[in-house]
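This briefing goes through one protein model by topic, beginning with a helix and the core around it. The sequence and structure are shown first.

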Amino acid sequence: MGERVIAVIPARGGSKGVPRKNVRPLAGRPAIVWTIELARAIPELARVIVSTDDDAIAAVSVAAGAEVYRRPPHLATDDAMVVDALRDLAGRLSDEGETARCWVLLEPTAPLRTVGDVRDCLSMLLDPAARCDCVATFHEAARNPYRAWRIEEGAAAKLFRDAPEGVPRQQLPLAYHLDGNAYAFRIDRVPAGARTILNGRIGAVIVPAERGFEIDEPIDFEIVEFLLTRRERRRMAATPDASSGTDREADMERNPEPSRERDPEEEGSAAKPLQPATDPDRDPEEEGSSGRPER
């Protein structure tokens, strides 16, 4: 790719929804380690930096091979925005001589991403033909917003007054959810005062909904742990074991894994880049972690 790129993992210690979630054990390791290890496996990333205010997160991150930059307390409150912590970090890195303007944001609450997902975002950002100011991952919305309702003073009404009536689901416009899987952007193109890194021409990389799953509630840990464990089991089953090939084949015959030619969870090829789009009526602050208070 040529251009210098760094990864930033925002991880404050004061999460209220799931206390201590960034260092909570998840499928055999602290949750944030999944994101750090994946970032370190991406050759395009020159540095992997964790931005935190927390001693335990800092210690786990350093042990996993990441650099740690401590953020000031006012950027680690419940109302603090990720973009403000990124601006603070950008200033400090610039003072130290860091020249990278292309950044990748990886939130530790989305540990199911793949190397391919991140590289697809980077490829689109660095492709002159795409003309993107930033790129993010999306997955198809589980529920089409045209089917949503609002309830005011006990009375129900369509959320969108112009929502078509009696239209089959298949005929509704496709809707996508901005997830926390991966963001690629140019830090010097984030406008001063912007409340999100998603500005200008926004490129979209579509990933399976499973890979965009985020940890927001305690039960999400159980779901993500199941998905991570299943992915690791499939990877192990698909890896030839020269030392015990016969025994492994016998085990597979007794306990066969689902047949497959390729596991999209292990590759980025299932992620489908879409044409960039800008929608002035869309509010990224309400849709993605990069534009809302850090959880």
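Buried residues in H1 are Ala31, Ile32, Val33, Trp34, Thr35, Ile36, Leu38 and Ala39. With eight of its 10 residues buried, H1 is largely enclosed by the rest of the structure. The model is a predicted one, and the points below are grouped by topic.

**Packing of H1 against H2**

- The axes of H1 and helix H2 (residues 55-63) are 10 Å apart and form an angle of about 40°.
- The crossing of H1 and H2 is right-handed.
- On the H1 side, Ile32, Val33 and Ile36 take part in the packing, and they meet Ile57, Val60 and Ser61 of H2.
- Beyond its neighbours within four places in sequence, isoleucine 32 is in contact with Ile9, Ala11, Asn22, Val50, Ile57, Val60, Ser61 and Pro108.

**Nonpolar cores**

- In soluble globular proteins, nonpolar side chains tend to be buried together.
- The largest nonpolar core contains 33 residues, and the members that touch the most others are Ile32, Leu45, Val50 and Val104.
- At least two residues of this core come from each of strand S1 (5-10), helix H1 (31-40), strand S4 (45-52), strand S6 (102-105), helix H4 (115-126) and strand S10 (176-186).
- The greatest contribution to this core is that of H4, which gives six residues.
- Another core, of 28 residues, lies apart from the largest one and includes Ile6, Ala100, Ala136 and Phe185.

**Helix H3**

- Helix H3 (residues 82-95) has 14 residues, which at 1.5 Å a residue should span 20 Å; the C-alpha atoms at its ends are 20 Å apart, in agreement with that value.
- Val82, Val83, Ala85, Leu86, Leu89, Ala90 and Leu93 are the buried residues of H3.
- Viewed down the axis of H3, these buried residues fall within an arc of 150°, so they line one face of the helix.
- An α-helix has 3.6 residues a turn, so residues three or four places apart point the same way.
- The cover over the buried residues of H3 includes S1, S4, strand S5 (67-70), S6 and S10.
- After H3 comes glycine 97, which has a positive phi near 100°.

**A buried loop residue**

- Leucine 172 is located in the loop between strand S9 (155-158) and S10.
- The relative accessible area of leucine 172 is 8%, which means that this residue is buried, the cut-off being under 20%.
- Leaving out neighbours within four places in sequence, the contacts of leucine 172 are Asn144, Tyr146, Arg147, Pro164 and Val167.
- Leucine 172 and arginine 147 are 25 residues apart along the chain, and their C-alpha atoms are separated by 9.3 Å.

**Positive phi in residues other than glycine**

- Arginine 20, in the loop between S1 and strand S2 (25-26), has a positive phi near 60° although it is not a glycine.
- With a relative accessible area of 35%, arginine 20 is partly exposed.
- Glutamate 153 is likewise not a glycine, and its phi is positive at about 55°.
- Glutamate 153 belongs to the loop between strand S8 (149-152) and S9.
- The relative accessibility of glutamate 153 is 88%, so this residue counts as exposed.

Conventions:
Residues are numbered from 1 along each chain as its sequence is written. This is a predicted model: local features need pLDDT of at least 70, side-chain atom pairs count only at pLDDT 80 or more; totals for chains, interfaces and linings use all residues. Side-chain values use heavy atoms; hydrogens and water are left out. A nonpolar core is a set of buried Ala, Val, Leu, Ile, Met, Phe, Trp, Tyr and Cys residues joined through side-chain atoms within 4.5 Å. Buried means under 20% relative accessible area, exposed over 50%, partly exposed in between (1.4 Å probe, protein chains only). Helices (H or I, at least four residues) and strands (E, at least two) are DSSP runs, numbered from the N terminus. Contact means heavy atoms within 4.5 Å. The expected span of a helix is 1.5 Å times one less than its number of residues. The arc is that of the directions from the helix axis to the C-beta atoms. Axes are lines fitted to C-alpha atoms, for helices over the stretch in contact, and angles run from 0 to 180 degrees between N-to-C directions. A crossing is left-handed if the near helix is turned anticlockwise from the far one by less than a right angle, and right-handed if clockwise.
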